[in-house]
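Have the viewer open as you read.

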Amino acid sequence: MTRLRAKRTGGGVRAFLGRLGLLAVVPAAILVVWFIADLLVDSTVFAGPVESFGQMVGTLSSPRYQASLVVTLETVAIAFVLAVVLGGVVGFALGLAPFWFRAVGPILQGIYSIPKVTIFPLFLVFLGLGLVSRTSFAFVHGFFPMAIIVMGATANLRTTDIYLKLGASLGMSFGQLVRTILLPAILPSFLTAARIAFGLVFLGAILAEMFASNGGLGHELVRNMHLVRVDRILAQVVLIGIIAIIPNALLRTLEVRLTRRLRPAGS
Amino acid sequence: MLALRAWQWTLLLLALAALVLEILPRVGVVSRATLLPFSEMVVAAVQLLLRPDFYTDGVLPSLLAILIAFAIAAVAGVAIGYLIWRVRPLRQAIDPYLTAYYALPIFALYPALIAIWGQGAGPITALAALFAVVAVITNAMNGFDSAPPIIGKLARSMQVPERTYFLKFFLPYAMPYILIGLRLAFLYSLLSVLAAEFLLSSAGLGHFIQIAYVRFDMAEMYGAILVVFGLAILAERLITLAVRKLTWVGDLT
C-alpha cells in the first residue's frame, strides 16, 4: 500500500527515504563514536570499526563459526517457541481464573525477579552440558515474563467485563467467547510479551554458552575474550545485534499494526 | 477453594515445593550429591550469613556494584529520557532503537569490556548500568508523555518559574512511570552484576556460587543461591511497596 501511494505522489518516496535516514542516525553515531574512541584510546588491545568489520568477513566464512551460529540459532528457536507457547497458555489460563491469578501470580513474579544465572549450576548438574541444558536455561528466561504479561492482560479483560457482557448477551459458549473475543483482544499484549521473551531467551542462550559450552556464539565470545581479540569480539557483538534486531522488528511491526487495527480512530 | 484464601494458597504452594525438595534427596530419587534437602540448604544459608568473609568477599562487592549501577542508571536514565523527550528529531531517530534494545544480549559486551579494561568492579558496574539505563529512559519518556498540557498552562497562569515547574509539577507527574522504570532497573542491575561475577570475576555473590559449584561444595552453593533468592525477593517487595506508596495513579505495576 505504501508503495502504491509512493508511486503516485512521489512524496511517499521522500517520506520513506526520510524515515530510512532517521533510522540510520543511531548506527552512524555509534560508528563515529567507536571510530573516535579507537583513535583516542590508541591501545593495542582496542579495535576500531574498520578492523572489526574486516574480522567479520573472515569470521563468518569460517566453518567453526558457522557451526556456532547454527548452535545458537537452534537453541534460541526451540527455547523461544516453547516459552511463547507454554508461557502463553499458562498465562492465559491463570488470567481466566482470578483466584489462581492471585495465588500463583506472586510466585511467578518472585521467580521472575530472581537472577536466573545463580541457578545455572543446577542446569548443569541435572541436565548436563549440551543442547538440553542450554535450551532449558534460555527457556526459563523467556517463560516467566511471557506468562506474567499474558496473565496480566487476560485478567485485565475480565475486570473490564464489557467483553464478557458482550459474549453473554450474544449467548456465546465459553469456547466461542475465548476464540472470538478474548484471544483477539489479548493478541497485542501477547505479541509484546513474545517480543520481550525473545530478548530474554536470546540473552539466556548467550549466557549459557558463555558459562559452559563447546559451541555457540557465547562460547566464541569467551574464547576471544581469553585470546584478548577485541576486534573479533566487537565484530561478533555487531553480528549478534543484527541477528537480535530482525525478529524484534518483525514482532514490533505486527504489534503496531494489530494495535492500530483493533483501536481505530481516536485513542 | 478448599476454603483457603489466595495468599494462603500461595504459602501452601511454596511449602509444597519446599517439601518436595526436602523429600526427593532424602528418599534417594535424586542423589544427595546433586540436590540437598531443603532444610540443609536453609542451614547452609544461615551458616553463610554468620561468616564474615561471606560479606566481605560475596555480599558487599555485589551489593556495591548493584547499587552504583542502579544509581547511575536512575540519574542518567531520567536525564537522557528528558533530553530525548524534549528534542523531537532526536526522539524520532532513537525511538525505534529503544524498543529493540532489550532484544540485544548486551551481555555480549562484557568480554570486550574485560579485554579492554581488565578484570574488576569497573566493567561489572559499567555493564550493569548500561543494561539497566534503557528501562529508566523508556519509562521516564512514557511518564513525560503522560503529563497533560493543562498542567503547563496551570503553572503558567500561576507564574511558576521554569525550575519549580519542572521539579514540582512535571517530574511528580511522571514519577509513577519513572518508578516502574526504576524497579526494572534494579532487577536488571542485579541480574547483570551476578551474571558478570559468575562468568569472570574475583569477588561477589555470583563468583562465590561459581566457585562453590566448581569445588562441588553443594552446601555452600545451595546456601548462597538461597541467600540470593532472599535478597532478590526482598528487594523486589521493598521496591513494589515503595512504588505503591509513592504512586497515586492506582495500580500501574
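Are α8(B) and α10(B) roughly parallel or roughly antiparallel to each other? The axes of helix α8 (residues 162-199) of chain B and helix α10 (residues 218-246) of chain B cross at roughly 170° and come within 9 Å. Here an axis is a line fitted to C-alpha atoms, for helices over the stretch in contact, with angles running from 0 to 180 degrees between N-to-C directions. So α8(B) and α10(B) are roughly antiparallel (under 35 degrees counts as roughly parallel, over 145 as roughly antiparallel, 65 to 115 as roughly perpendicular and the rest as oblique).

Before going on, some ground rules. This is a predicted model, where local features need pLDDT of at least 70 and side-chain atom pairs count only at pLDDT 80 or more, while totals for chains, interfaces and linings use all residues. Residues are numbered from 1 along each chain as its sequence is written, chains are lettered from A and ligands numbered from 1 in the order in which they are written, and side-chain values use heavy atoms, leaving out hydrogens and water.

Back to the helix pair. On the α8(B) side, the residues that meet α10(B) are B:Leu179, B:Arg183, B:Phe186, B:Leu187, B:Leu190 and B:Leu194; their partners in α10(B) include B:Val228, B:Ala232, B:Ile239 and B:Val243. Contact means heavy atoms within 4.5 Å. Sorted by class, this contact has 11 nonpolar, one polar and two charged residues (Ala, Val, Leu, Ile, Met, Phe, Trp, Tyr, Cys and Pro count as nonpolar, Asp, Glu, Lys and Arg as charged, and the others, Gly among them, as polar).

Helix α10(B) has another neighbour to look at. The axes of helix α2 (residues 38-49) of chain B and α10(B) come within 7 Å, crossing at roughly 80°. That makes α2(B) roughly perpendicular to α10(B). Among the α2(B) residues in this contact are B:Phe38, B:Met41 and B:Leu48, and α10(B) brings B:Tyr222, B:Gly223 and B:Leu226, among others. The class tally is 12 nonpolar, one polar and one charged.

Zooming out, chain B has 10 helices and zero strands, and chain A has 11 helices and zero strands. Both kinds of element are DSSP runs, numbered from the N terminus: H or I of at least four residues for helices, E of at least two for strands. The C-alpha trace of chain A spans about 70 × 65 × 30 Å along its principal axes, and the C-alpha atoms of chain B fill a box of roughly 75 × 60 × 35 Å.

How do the chains meet? 54 residues of chain B are in contact with 52 residues of chain A. The buried area is about 4500 Å², with carbon and sulfur atoms giving 84%; buried area is the accessible area (1.4 Å probe) that two parts lose on being put together, summed over both. A:Arg195 sits in helix α9 (residues 174-211) of chain A and A:Glu255 in helix α11 (residues 230-262) of chain A, so the pair ties together parts 60 residues apart in sequence.
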